[in-house]
Amino acid sequence: MTEPSVSRFRAIDLIRKKRDGGALSAAEIQYLVKGCTDGSIPDYQMAAWLMAVVLRGMTREETASLTHAMLHSGEVLDLSFLPAKKVDKHSTGGVGDKTSLVLAPLVAAGGLFVPMISGRGLGHTGGTLDKLESIPGFRVGLSVSEFHRVLKACGCSMIGQTEKIAPADRKLYALRDMTGTVESPYLICASIMSKKLAEGTDALVLDVKTGSGAFMKKEEDAVFLAELMVETGERMGKQMVALITDMNQPLGRMVGNALEVQECIEILQGGGPEDLRELCLHLAAWMFFVGGATKTVADGKRLAEEIIASGKAFERFRHMVELQGGDISVINDPTRLPAAEHRVDVSNRQAGYVTAIACEQVGTACVILGGGRERQEDSVDPAVGIVVHKKIGDKVSAGEALCTIHCHSDQQAAPAKKLLEESYQIAVDPPAHKPSLVHRAIYKGEH
Ligand code: URA
């Protein structure tokens, strides 16, 4: 029997089919993605279907069909006019997870092209686009021709999903953010891979987060997601690797949009916190390796270190900011980034060691301060955030500050302060192990 033509499907039937555990055909998924993108299927029906997917899951075929439909909801860029390999990195989302701002200019300064399509804050996690927009004037909504021009001129460009590129992800991403439908490996895979396949990259490094601040709290779930994405990319002829990395505590010290830009500038200038610097070097090393710029990952790491030390990565960042309309005087002097004037310390009563941090709560604290969205129409406050002083394994004395909230008043800080107080676990003895930054790499060949 032949399938009904696309126009004969009804969203209600497809929601019920998924709700009852059925598998949708490629044509049915195509109908939903098209209807969501052109607005003919209302958000409430898409949200119901997304929730059914979260609860019931998807088959491999459904995931491939969803990725394909989302990828072809807009243009697939052809960047073959660029004279070197194109490579990108994407994270599944974390707290203080800001490596993209360092990696794009760093890897471009090493001779590869980095066409990066990123997202906004999602759930409790921060978004690259929101961080970039804390630089006054920075435009993440470039047209395709502007994106080409910036890439050609400085080797990297960072934009969001547009009406033209991955528009279905733009719509679904915002809807998932507001409806508790982020945490599905199938939806995350389709969201990430549709954008990444649309941007015309040759190779992709995936940073798949696991731990208390990640969407995939358990390592086995992170590995499942990583394998799903690697398989999807390889099927499309891309060089792929996925690193499973730790998100049991905020990465670096800063959580919040402008604060995170400031910390990235420190890294690009050769300073910054060690965990963030190490992860950036590790991810850059893999980008150089899968992009064919170095023979081994170890060579890639050496190259990344040299480029940062030479000042070329920072220079490249300034150039990209300038080309995308950003005010480079704030890059030269980050004290001019948007800043909140009020500070509230979060302290602990007892002395001891930090043994765990409920990292998702740290991200949520930043969202409720205004650093993220609670409704689609909310605007993000670039200035607010949290500066983390104590991480897992650190010794603390009674009354010492664990972190400091950057905000506009005590009243505004109160709910975030409560969340942060509850998120730290302090014990008399130090933890047996500190979390290791990179748990493993999922890659088929020698490296
Ligand atoms: N990043 C994305 O682009 N999409 C997701 O669903 C999660 C993280």
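## Cavities in the model

A search of the whole structure turns up 4 cavities of 30 Å³ or more. Here a cavity is a set of points, on a 1 Å grid over the protein atoms alone, where a 1.4 Å probe fits but cannot get out. Grid points are joined across faces, edges and corners, and a volume is the space filled by probe spheres set on the points. Before we go on, please note that this is a predicted model, in which local features need pLDDT of at least 70 and side-chain atom pairs count only at pLDDT 80 or more, while totals for chains, interfaces and linings use all residues. Residues are numbered from 1 along each chain as its sequence is written, and side-chain values use heavy atoms, with hydrogens and water left out.

## The largest cavity

The largest cavity holds about 320 Å³ of space. It is lined by 26 residues (lining residues have an atom within 4 Å of a point), and the closest to its centre are His90, Ser91, Thr92, Gly93 and Tyr173. Strand 1, helix 5 (99-109), helix 6 (128-132), helix 8 and helix 9 each give two or more residues to this lining, with helix 9 giving the most, 4 residues. Helices (H or I, at least four residues) and strands (E, at least two) are DSSP runs, numbered from the N terminus.

By class, the lining of the largest cavity has 5 nonpolar, 14 polar and 7 charged residues. In this scheme Ala, Val, Leu, Ile, Met, Phe, Trp, Tyr, Cys and Pro count as nonpolar, Asp, Glu, Lys and Arg as charged, and the others, Gly among them, as polar.

## The ligand inside

Around the ligand you will find His90, Ser91, Thr92, Leu122, Tyr173, Arg176, Ile188, Ser191, Ile192 and Lys195, where a residue is near a molecule if one of its heavy atoms lies within 4 Å of it. This shell divides into 4 nonpolar, 4 polar and 2 charged residues. Strand 1 (87-91), helix 8 (167-179) and helix 9 (185-198) each supply at least two of the shell residues, and helix 9 gives the most, with 4.

An N or O atom in the side chain of Arg176 is 2.9 Å from a ligand oxygen atom. Ser191 has a polar side-chain atom 2.7 Å from a nitrogen atom of the ligand, and Lys195 has a polar side-chain atom 2.5 Å from an oxygen atom of the ligand. Taken alone the ligand exposes 230 Å², and the protein buries 97% of that; these areas come from the Shrake-Rupley method with a 1.4 Å probe.

## The second largest cavity

The second largest cavity has a volume of about 160 Å³. Of its 22 lining residues, Thr125, Gly126, Cys366, Val367 and Gly371 are the closest to the centre. Helix 11 (257-268) and helix 16 (359-371) are the elements that give it two or more residues, and helix 16 has the largest share, 4 residues. The lining of the second largest cavity comprises 5 nonpolar, 13 polar and 4 charged residues.

## Pockets

Let us turn to the open spaces. A pocket is an open set of points with protein on both sides within 12 Å along at least five of seven lines. The largest pocket contains about 440 Å³ of space. Its lining has 21 residues, and Arg120, Gln161, Arg170, Tyr173 and Ala174 are the closest to its centre. Helix 8 contributes the largest share of the lining of the largest pocket, 7 residues, and by class that lining has 8 nonpolar, 7 polar and 6 charged residues.

The second largest pocket has a volume of about 340 Å³. Among its 17 lining residues, Gln249, Asp275, Lys391, Pro435 and Leu437 are the closest to the centre. Helix 12 (residues 274-290) provides the largest share of this lining, 3 residues. The lining of the second largest pocket has 6 nonpolar, 3 polar and 8 charged residues.

Terms used:
Polar contact = N/O pair within 3.5 Å; in protein donor to acceptor, adjacent residues only side chain to side chain.
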